Structures are given as C-alpha cells and as structure tokens.
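Let's take a walk through this structure together.

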Amino acid sequence: MKNLNDEILKKLINILNCPILIYFWSEWCEICKISKNIINDIEIKFKNKIKIIRINIDYNYYTAEKFSIKNIPTIIIILKKKIIIKKQGLFNKEFFKKLIKKIL
C-alpha cells in the first residue's frame with residue numbers, strides 16, 4: 001500500500017478487520033532505508049493477511065503525534081481497532097515473520 005494521509009488511515013483502522021502494520025519512517029532516516037526493504041518483503045509474503053501502511057512523519061505530523069512517535073523507524077500493529085504492538089528501531093525479517101504469524 002502506498003503512503004497515506006491521516007484521514008485515510010483513520011478510515012482504514014475503522015473498517016479493516018485484518019491486522020494493520022503501520023510503518024513510520026522518513027526519507028532522511030538511514031535505518032528507515034534498510035528497514036524499508038524488510039517491510040516490502042513482509043508485505044509480499046503476507047499480502048492478503050495483513051495491511052501495511054507507510055506513514056512519512058515529515059508529511060503526517062498529526063498522525064505521528066497521535067501515536068506518540070518519538071523515534072523512527074517505528075512499527076505499530078493494530079488489531080480490531082486496538083494497538084497490540086509498538087516497537088521502534090531496526091528489526092530483521094524473522095522478527096516480523098514470527099510476530100505476524102503469532103497474531104494471525
């Protein structure tokens with residue numbers, strides 16, 4: 001899924017029944033450039049089981065503030081309109097695979 005704005009994100013959280021992984025990042029973040037490839041691979045592997053939403057904090061300040069994003073990259077997983085996981089920093093593919101399989 002492409003980058004989304006605040007209003008579209010709010011609507012998606014309210015209508016989707018599958019887990020939503022929100023990836024907060026920025027173009028100037030070197031760690032984000034590494035984790036971007038990991039997120040892309042996870043999106044392909046779990047294509048129809050989880051929705052991945054990318055939020056660039058430079059263009060979506062309100063959303064970053066709403067979710068109290070202090071460092072990037074940060075991932076948040078929402079299930080049934082509730083945050084079940086919030087992690088920041090660089091994670092490997094295996095971390096994501098285990099995490100997603102656990103919540104599915």
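**Starting inside helix α2**

In α2, the residues Cys32, Ser35, Ile38, Ile39 and Ile42 are buried, where buried means under 20% relative accessible area, exposed means over 50% and partly exposed is in between (1.4 Å probe, protein chains only). Helices (H or I, at least four residues) and strands (E, at least two) are DSSP runs, numbered from the N terminus. Before going further, keep in mind that this is a predicted model, in which local features need pLDDT of at least 70, side-chain atom pairs count only at pLDDT 80 or more, and totals for chains, interfaces and linings use all residues. Residues are numbered from 1 along each chain as its sequence is written, and side-chain values use heavy atoms, with hydrogens and water left out.

So what do the buried residues of α2 pack against? Their partners are β1 (20–25), β2 (51–56), β3 (74–79) and α4 (93–103), with contact meaning heavy atoms within 4.5 Å. Helix α2 itself covers residues 30–45, and its 16 residues should span 22 Å at 1.5 Å a residue; the expected span is 1.5 Å times one less than the number of residues. The end C-alpha atoms of α2 are 24 Å apart, which agrees.

With a relative accessible area of 11%, Arg54 is buried.

Strand β4 (residues 82–88) holds Gln88. Is Gln88 buried or partly exposed? Its relative accessibility is 45%, so Gln88 counts as partly exposed. Setting aside neighbours within four places in sequence, Gln88 is in contact with Asn71, Pro73 and Thr74. Gln88 and Ile69 are 19 residues apart in sequence, yet 8.8 Å apart from C-alpha to C-alpha.

Now step back to see the whole chain. There are 4 helices and 4 strands, running α-β-α-β-α-β-β-α from the N terminus on. Among contacts between residues at least 6 apart in sequence, 69% join residues at least 24 apart. Buried residues make up 42% of the 104 residues. The C-alpha trace spans about 30 × 30 × 20 Å along its principal axes.
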